[in-house]
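Biologist: Please take a close look at one part of this model and describe how it is packed against its surroundings.

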Amino acid sequence: MSQKEIAGKMIDLDENGYMTDFSQWNKDIAEALAKDNEIETLTDKHWAVIEYLQKCHQDDVALSIRKVGKSGVTTIKEMYELFPGGPLKISTLIAGIPKPA
């Protein structure tokens, strides 16, 4: 485990750069993580996906790109547009939850 300053706050990260303590997450950190992953602005659609992922995590629901696509929150195609380069990995990183299995 390591620490990194994100949005002016020291954050605990695992070896893959994912947050290990969700209580440290806030929207400023999400915005900074998004910028680190070449997403300049988080839109309302981004926030809807992030909130859905966080709810699934809190309810111990296993995440998959297919499950998100069937959620009604977004489509699989839109996930790739919102979070290019690995939609589920990048979206969960920004949401402050563990890397999906």
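**Helix α5 and its surroundings**

Modeller: Val49, Ile50, Leu53 and Gln54 in α2 meet Leu88, Ser91, Thr92, Ile94 and Ala95 in α5, contact being heavy atoms within 4.5 Å. The model is predicted, so local features need pLDDT of at least 70 and side-chain atom pairs pLDDT 80 or more, whereas totals for chains, interfaces and linings use all residues. Residues are numbered from 1 along each chain as its sequence is written, and side-chain values use heavy atoms, without hydrogens and water.

Helix α2 spans residues 44-58 and helix α5 residues 87-95; helices are DSSP runs of H or I with at least four residues, numbered from the N terminus. Their axes come within 9 Å and cross at roughly 80 degrees. That makes α2 roughly perpendicular to α5, a label for angles of 65 to 115 degrees. The axes are lines fitted to C-alpha atoms over the stretch in contact, with angles running from 0 to 180 degrees between N-to-C directions.

Helix α5 is mostly covered, with 8 of its 9 residues buried, that is, under 20% relative accessible area (1.4 Å probe, protein chains only). The buried residues of α5 are Pro87, Leu88, Ile90, Ser91, Thr92, Leu93, Ile94 and Ala95. Just after α5 comes Gly96, with a positive phi of about 80 degrees.

Note on methods:
Helix = DSSP H or I, 4+ residues; strand = E, 2+ residues; numbered from the N terminus. Parallel < 35°, antiparallel > 145°, perpendicular 65-115°, else oblique. Buried < 20%, exposed > 50% of the residue type's maximum accessible area, 1.4 Å probe, protein only.
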